Amino acid sequence: MVAAWFALGTIGLLLLLGAGRAFVNADPKVLARGIRIGGAVICGGLALFFLVRARFDLAMLFGAGAGGALGFWPRGLSPFAGLAGLFGSLFGGSLFSGSLFLLFLLFGCCF
């Protein structure tokens, strides 16, 4: 019994080392696309799970996160287009310039 767990642990460690090496040697463009699609799939799955459980607030939050990861932001409200909006007039922007949707995603479940 102990030998089976040792073999499984060894195989798991080798797979983890191989995945780490592939991650380090990967093309950043392909890696970013894969992480973005993986995050969208996870957020979409969580949105469906919460929708089935009738938690519409969390379903909308994770659904918006999945759409945002795939690039479906409302027009003109990209969360990173107006980063000055997050910091108020420190950088010359108003509080909600360009990042209202991001603020809704971050703090929408609290209201």
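1. Leu16 sits in helix H1. The model is predicted, and H1 is where confidence in the protein chain is highest, at a mean of 91. Leu16 is exposed, because its relative accessible area is 60% and the cut-off for exposed is over 50%.

2. Together with Leu13, Leu14 and Leu17, Leu16 makes up a nonpolar surface patch. The accessible area of the four leucines together is about 440 Å².

3. Now the helix as a whole. H1 covers residues 2–25, 24 residues in total. From first C-alpha to last, H1 reaches 35 Å, close to the 34 Å expected at 1.5 Å a residue.

4. Next, helix H2, which runs over residues 28–52 and holds Arg33. Arg33 is classed as partly exposed because its relative accessibility is 45%, between the 20% and 50% cut-offs. In sequence, Arg33 and Ala69 are 36 residues apart. In space, their C-alpha atoms are 9.8 Å apart.

5. A word on confidence. The protein chain has a mean pLDDT of 76, and 65% of its residues reach 70 or more. Helix H4, residues 100–107, has the lowest confidence, with a mean of 60. Over residues 84–98, pLDDT is below 50. That stretch still has 23 contacts in the model beyond near neighbours in sequence. Where pLDDT is low, predicted coordinates should not be read in detail.

Key: Residues numbered from 1 in each chain as written. Predicted model: local features only at pLDDT ≥ 70, side-chain atom pairs only at ≥ 80, totals over all residues. Heavy atoms only, no water. Helix = DSSP H or I, 4+ residues; strand = E, 2+ residues; numbered from the N terminus. Expected span 1.5 Å × (residues − 1). Patch = residues over 30% accessible without salt bridge, like charges linked within 9 Å, V, L, I, M, F, W, Y side chains within 5 Å. Areas by Shrake-Rupley, 256 points an atom, 1.4 Å probe, with all protein chains shown as cover. Salt bridge = Lys/Arg side-chain N within 4 Å of Asp/Glu carboxyl O. Buried < 20%, exposed > 50% of the residue type's maximum accessible area, 1.4 Å probe, protein only. pLDDT = per-residue confidence, 0-100. Contact = heavy atoms within 4.5 Å.
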